[in-house]
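Please keep the sequence and the model in view while reading.

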Amino acid sequence: MTVGHSHGRIAFQGRPGAYSDLACRTAYPGWTTVPCETFAGAISTVHEGGAELAMLACENNLAGRVPDIHALLPEAGLHIVGEHFQRVEHCLMGVPGATLEQARKVHTHPMALGQVRGVIKDLHLTPVAEFDTAGAAEMVAKWGRSEDVAVASELAAELHGLTILRRNVEDARHNTTRFYIAAREPLPLPEDRPVMTTVLFNVRNEPGALYKVLGGFATNGVNMTRLESYMLDGSFAATQFLLDVEGRPDRPNLKQALAELEFFSASFRILGVYPQSPFRQLKKTGMA
């Protein structure tokens, strides 16, 4: 997928070397990656013209959903134009010359700490939670102490001059994060590739509302791949849903299903129609 030219700018949330940075470089080789402190900052960067695209983590197959995306994307006025699946391969890294025997404390994001319990136990390390995986690598490099190691991506080790002491230290080998790719305007859809549609909707506060909304997808043979619910404004009565389905809204089956969804919903918005990632096709065939 291209956006006007082959070497653009793509924003992400995190420090240089974060897995979102790696996802950007994998999906768009040659593009300039733009680190942002928050998801809102990455979205604003695109909205204000500082980047053509934003790479936004939306869910992890082990840790679940990434919050805030459902609220941030609609308000920003951006469109989902693609998806990317990034395998999370954690590396244990230290300053040049350091050894595993010298390691005492391991620094990384809390979510990553929960994914590397095995190596922490095997090496008798003290876990220290940090704000970011790549930020942990940056701090270990700055401290220059052999007893401090970090868990982060291979890219983070490369950017911060650290030595990889052990690769693939994650407990689960299938740890994968899915990203939405967002842009200011929708992109033309290829005719020869399967497509995803992402929808945001609120159900009416009445019995059977969600059942009626979702029934249209079943009767029209539309496959739902994701359904997330969110409370609105701290209320237990108002619920918003984010839905990913396979198909194009202009084709009869999904068009009819969305018509039924809109009829039974209090509000309804399509956040994006975009090509399916090749990873999704490989998963279906059992090759990923």
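## Strand β3 and its partners

Strand β11 (residues 176–183) runs antiparallel to β3, and seven bridges join the two strands. Within this pairing, Glu-59 has Arg-178 of β11 as its bridge partner. The model described here is a predicted one.

Strand β1 (residues 9–13) also pairs with β3, in the parallel sense and over three bridges. In that pairing, Ile-10 is found opposite Leu-53 of β3. A further partner is strand β4 (residues 64–65), which pairs with β3 in the antiparallel sense over two bridges. Here Asn-60 stands opposite Gly-64 of β4. The strands β3 and β4 form a hairpin, with three residues between them. How much of β3 is buried? Seven of its eight residues are buried, so β3 is largely enclosed by the rest of the structure.

## The nonpolar cores

In soluble globular proteins, nonpolar side chains tend to be buried together. In this model, the largest nonpolar core holds 52 residues. The members that touch the most other members are Leu-53, Met-55, Leu-56, Leu-73, Met-93 and Tyr-180. Strand β3 (residues 53–60) gives the most to this core, contributing six residues.

Another core lies apart from the largest one and consists of 15 residues. Its members include Phe-201, Val-203, Leu-243 and Leu-254.

## Domains of the chain

Which stretches of the chain belong to each domain? The domain assignment gives domain 1 as residues 9–88 + 175–183, domain 2 as 91–166 and domain 3 as 195–285. Taken over C-alpha atoms, the centres of domain 2 and domain 3 are separated by 40 Å.

## Strand β9

Strand β9 (residues 148–152) has five of its five residues buried, so this strand is largely enclosed by the rest of the structure. In a regular strand the side chains alternate between the two faces of the sheet. In β9, Asp-148, Ala-150 and Ala-152 point one way, while Val-149 and Val-151 point the other way, and all are buried.

Two pairings of β9 can be described. Strand β6 (residues 91–94) pairs with β9 in the antiparallel sense, over three bridges. Met-93 has Ala-150 of β9 as its bridge partner, and Met-93 is also among the residues that touch the most other members of the largest nonpolar core. Strand β7 (residues 105–108) pairs with β9 in the parallel sense, again with three bridges. In this second pairing, Val-106 stands opposite Val-149 of β9.

## Aromatic pairs

The structure holds five aromatic pairs. One of them is formed by Phe-85 and Phe-279, whose ring centres are 4.7 Å apart and whose planes lie at 20 degrees; the pair is therefore stacked. Phe-85 belongs to strand β5 (residues 79–87) and Phe-279 to helix α10 (residues 278–285), so the pair ties together parts that are 194 residues apart in sequence. Are these two residues buried or partly exposed? Phe-85 counts as buried, at 18% relative accessibility, whereas Phe-279 is partly exposed, with a relative accessible area of 24%.

Phe-201 and Phe-241 form a second pair, with ring centres 5.3 Å apart and planes at 15 degrees, so this pair is stacked. Distant parts of the chain are linked by the pair: Phe-201 lies in strand β12 (residues 195–203) and Phe-241 in strand β14 (residues 239–246), 40 residues apart. Phe-201 and Phe-241 are both buried.

## Glu-83 and its surroundings

Glu-83 is located in strand β5. Its relative accessibility is 7%, so Glu-83 counts as buried. Which side chain is joined to that of Glu-83 by a polar contact of 2.7 Å? The side chain in question is that of Arg-280.

Leaving aside residues up to four places away in sequence, Glu-83 touches Arg-178, Phe-179, Ile-181, Met-196, Tyr-274, Pro-275, Gln-276, Ser-277 and Arg-280.

Conventions. Residues are numbered from 1 along each chain as its sequence is written. This is a predicted model: local features need pLDDT of at least 70, side-chain atom pairs count only at pLDDT 80 or more; totals for chains, interfaces and linings use all residues. Side-chain values use heavy atoms; hydrogens and water are left out. A nonpolar core is a set of buried Ala, Val, Leu, Ile, Met, Phe, Trp, Tyr and Cys residues joined through side-chain atoms within 4.5 Å. Buried means under 20% relative accessible area, exposed over 50%, partly exposed in between (1.4 Å probe, protein chains only). Helices (H or I, at least four residues) and strands (E, at least two) are DSSP runs, numbered from the N terminus. Domain bounds come from an automatic or database domain assignment. Rings of Phe, Tyr and Trp (its six-membered ring) pair if their centres lie within 6.5 Å; planes under 30 degrees apart count as stacked, over 60 as edge-to-face and the rest as tilted. Two strands pair if DSSP finds at least two bridges between them. A polar contact is a pair of N or O atoms within 3.5 Å; within protein, one must be able to donate a hydrogen and the other to accept it, and residues adjacent in sequence count only if both atoms are side-chain atoms. Contact means heavy atoms within 4.5 Å.
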